[in-house]
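User: Hello! I would like a close look at one part of this protein, the strands and what surrounds them. Could you walk me through it?

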Amino acid sequence: MSLALSTLIYEWRRYMAAVVALAFAGLLVLLVVGLFMGIGESFNAPIERSPADIMITNASSTTLLSGNTGVPRRLIPEFYMYPEISQVQDLETNFAAWQNDPNAGGKAGKKADAQSQRNGVVAYAIDNKPGSVTTPTDFGPDVRAALDEPFAIAVDESSLGPLGVKVGDKASLNGSTVTVRATLHGYANVAIQTVFMSRQTALLLGLAHSGSQSGPLLIKVRNPADASAVVDMLNARAHGQYRAWTRAQMANANRGQLLKDNIIGIMLIGGLVIGGLVGLVITWQTLRGAIFANIKEFASLRALGVSMGALRWIIMELSFWVGVAALGMTGALVWAVTMVAGLYGLPMAYPTQWVTAVVILLLVVAIGSGFLSLGVLKKGQPADLLR
């Protein structure tokens, strides 16, 4: 075990402030990233959990968040001409006005009671049968059976509070009465609540697409391993009518679009800069104080013939291990916060590139703090031991 690591272990109290400062700097950045990317994951959930291997959108679409993603409905039969494709369905999504009904069986949408809640929601319509390309794979038989009932809906368990309902309650969706028959897990959305229903219920509620345009298309191929090749083939033959994506490509595009948002980008960069500066100042001053407290030990090493260069290397290595300890604490804090957020239905997601950026940031700040603290060694002269 090196001298630097031994010093950190046996005198950890002196260096704890530096570790904590770095850990919270990393936590600050990751929480901002996790929150906004969690919102993106909420939008992605119905797509990523679909059996679909390919998505078809408007040729000009860059993500599902970029506005018009619909395609001409006449294209649906054409995709069945490809032997690699086994199933094609359009994704039915629409916005709807939600009004809960505090008194089940009462006049939904007309209550002026304080308990009454009005919200906008996103309605997803699924083909309610096993293996359907529009039905998420985690919809069990109980959920599908519940949605077979006309005017039945399912919501994420975290949405019950914001929507002001519980299982069995009635509510108004675009002025029509619906009943909450099932709850889901993993579809929390802090931006706008999501409700699921069968395609037949969507038709009854007037929420299904009509006319010559449909929503984006979900496609299942016979061999999922061929999805990328089929996407390339479809794009080569699209002639500007549509754009094909693998499911992973679409999910990554949605995440990238979220990070490109100007306000979100400024907040993320601001968090990175502020976290780095705060961590640098506190870590620098803490390391400087800890080294100064051990100045006689460093003077003794110099008296024994240890060169100034070797002592500087000990300080730099010590600062590196402080950064490593901070990374461990950051990981524990992020895990704890994510668990607590999950209990309240708040989704969190951490892209690999941002986690890597935070790891590099903390190590750079730790090593930079050690570099700024090297001047303290000049105060550790062997002659001082005789005083």
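In which sense do strand β4 (residues 92-100) and strand β5 (residues 118-126) pair, and over how many bridges?

Analyst: Happy to. This is a predicted model, in which local features need pLDDT of at least 70 and side-chain atom pairs count only at pLDDT 80 or more, while totals for chains, interfaces and linings use all residues. Residues are numbered from 1 along each chain as its sequence is written, and side-chain values use heavy atoms, with hydrogens and water left out.

To your question: β4 and β5 pair in the antiparallel sense, over eight bridges. Two strands count as paired if DSSP finds at least two bridges between them. Within this pair, Asn-94 has Ala-123 of β5 as its bridge partner. β4 also runs antiparallel to strand β7 (residues 170-173), joined to β7 by three bridges. There, Trp-98 is partnered by Leu-173.

Both pairings belong to a barrel, which six strands close in the order β4-β5-β9-β6-β8-β7, with mixed pairing. Angles here run from 0 to 180 degrees between N-to-C directions, and axes are lines fitted to C-alpha atoms, for helices over the stretch in contact.

Let's turn to the other sheet. Four strands form an open sheet in the order β3-β11-β1-β12, with antiparallel pairing. Its edge strands, each pairing on one side only, are β3 (85-90) and β12. The twist in this sheet averages 25 degrees from one strand to the next.

Three bridges link β1 to strand β11 (residues 217-221), and the two run antiparallel; Ile-54 pairs with Ile-219 of β11. Strand β12 (residues 243-246) is likewise antiparallel to β1, through four bridges. In β12, Ala-244 is the bridge partner of Ile-56, and Arg-243 is that of Thr-57. As for side-chain directions, Ile-54 and Ile-56 point one way from β1 while Met-55 and Thr-57 point the other way, and all are buried. Buried means under 20% relative accessible area, exposed over 50%, and partly exposed in between, using a 1.4 Å probe and protein chains only.

Helix α7 (residues 227-236) lies across β1, β3, β11 and β12, and runs at about 170 degrees to β12.

Asp-53 is found in the loop between α2 and β1. With a relative accessible area of 11%, Asp-53 is buried. Beyond its neighbours within four places in sequence, Asp-53 is in contact with Ile-219, Lys-220, Val-221, Pro-224, Ala-227, Trp-245, Thr-246 and Arg-247. Contact means heavy atoms within 4.5 Å. Asp-53 and Val-133 are 80 residues apart in sequence, yet 8.9 Å apart in space, C-alpha to C-alpha.

The crossing of α2 and α12 is right-handed; a crossing is right-handed if the near helix is turned clockwise from the far one by less than a right angle, and left-handed if anticlockwise. Leu-22, Gly-26, Val-29, Leu-30 and Val-33 of α2 make this contact with Trp-354, Val-355, Val-358, Leu-362, Val-365 and Ala-366 of α12. These residues divide into 10 nonpolar, one polar and no charged. Here Ala, Val, Leu, Ile, Met, Phe, Trp, Tyr, Cys and Pro count as nonpolar, Asp, Glu, Lys and Arg as charged, and the others, Gly among them, as polar.

α2 also packs on helix α11 (residues 308-343), at an angle of about 50 degrees and with axes 7 Å apart. α2 and α11 are therefore oblique to each other, and their crossing is right-handed. Among the α2 residues that meet α11 are Tyr-15, Met-16, Phe-24 and Leu-31, with Leu-318, Met-329, Thr-330 and Val-337 among those in α11. The contact divides into 19 nonpolar, three polar and no charged residues.

Finally, the whole protein: its secondary structure comes to 12 helices and 12 strands, where helices (H or I, at least four residues) and strands (E, at least two) are DSSP runs numbered from the N terminus. Of the 387 residues, 48% are buried. Among contacts with a separation of 6 or more, 80% come from residues 24 or more positions apart.

Note on methods
Parallel < 35°, antiparallel > 145°, perpendicular 65-115°, else oblique.
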